[in-house]
Amino acid sequence: MSHSLGQVIMSGADQCLVRDAAGELHLCRLRGRRAARPVCGDRVRWTPGNPDGLVDGIEPRRNLIERGDFRGRPRGLAANIDRMVIVVAPEPAPDNLLVDRYLVLGEALDIAMLLWCNKRDLATWSSAQALFALQERCRRLGVPVLEGSTATGDGLAPLREQTRQQTIILVGQSGVGKSSITQALIPSLSLRIGEISATSGQGRHTTSETTLFHREDGGALIDSPGVRTLRLDHLGSDAVDQAYPEIAEAAGNCRFRDCQHDQEPECGVKRGLASGMIEAERFDNWRRLRHETGSTDPAERGR
């Protein structure tokens, strides 16, 4: 029997749900114990079967989001993503280190980014100032910024338009409104979840899995609990540097190749901090993330 092409919308340890070209869902098993495990968003070659189909192979991926498992080994979560939407809100207050983690990941995987400021109708003067500062930071980095409210509907039209025909993934802290955005972009969400649950046989457990939902207006949305907390252990320090271009540029003006940007004379980064070209918080985040990825020595970047 000839292969068919489909897209994985949910994946487990030894089986996955595949959506065919007609939009029908099929529960498929992996062919062979040692077969590579597909993840949500993968394009796969599969063979229909009765009752289950078989996944025969995974098409080349454009990117792959991973996180460490309980042993620290990278485990795939989602693949072939066009845009990562970082969701923030007045409350809880933005976690700028977490935002920087997502920016590092997006830069490393060549995924376009977008900052969506939700619940703007609930912002106080002080919380609005914090959001404004984050918006300006993202704009300087070339990240598009949109704002609005899923409660009032304000700003949703530009969000739909900028993500149309794209596969997006929503990331951010708990409580910022990612679920309400998913519902706004996919009005038939409850029906989709019911269809997936019936096909997979997992019932309500479906809502705790990384799942891809196709949008009526084009494109798709991946809902993944796995990216709510994010470590970057599996990425090298070069990936961190790429997301902090202002620090990398300033470091090129340091007198010493192995400058630690601490007590050394003629340090370009310290001059950048003093002049305001580098934000102190960004510098602290850079140091923390470089330490997390295994290096605090700028000389290892190969300058």
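Predicted model: local features only at pLDDT ≥ 70, side-chain atom pairs only at ≥ 80, totals over all residues.
Residues are numbered from 1 along each chain as its sequence is written, and side-chain values use heavy atoms, with hydrogens and water left out.

**Stop 1: Arg61 and Asp42**

Select Arg61 and Asp42, and you will find a salt bridge with its closest N and O atoms 2.8 Å apart. The term means a side-chain nitrogen of Lys or Arg within 4 Å of a carboxyl oxygen of Asp or Glu. Arg61 sits in the loop between strands S5 (53-58) and S6 (64-68), and Asp42 in the loop between S3 (25-30) and S4 (43-47), so the pair ties together parts that are 19 residues apart in sequence. Helices (H or I, at least four residues) and strands (E, at least two) are DSSP runs, numbered from the N terminus.

Now show the surface. Asp42 is buried, at 0% relative accessible area, while Arg61 is partly exposed at 34%. Here buried means under 20% relative accessible area, exposed over 50%, and partly exposed in between (1.4 Å probe, protein chains only).

**Stop 2: Glu246 and Arg282**

Next, pick Glu246 and Arg282, whose side chains meet in a salt bridge (2.8 Å, N to O). Glu246 belongs to helix H7 (residues 245-251) and Arg282 to helix H9 (residues 280-292), so this pair ties together parts that are 36 residues apart in sequence. Arg282 is buried, with a relative accessible area of 2%.

**Stop 3**

Which residues in H1 and H9 meet? Asn96, Leu97, Asp100, Arg101, Leu103 and Val104 in H1 touch Glu281, Arg282, Asn285, Arg288, Leu289 and Glu292 in H9, where contact means heavy atoms within 4.5 Å.

**Stop 4: a network and the overall count**

Finally, select Arg137, Arg140, Glu279 and Glu281, which are linked in a network of salt bridges. Glu281 is also among the H9 residues that meet H1.
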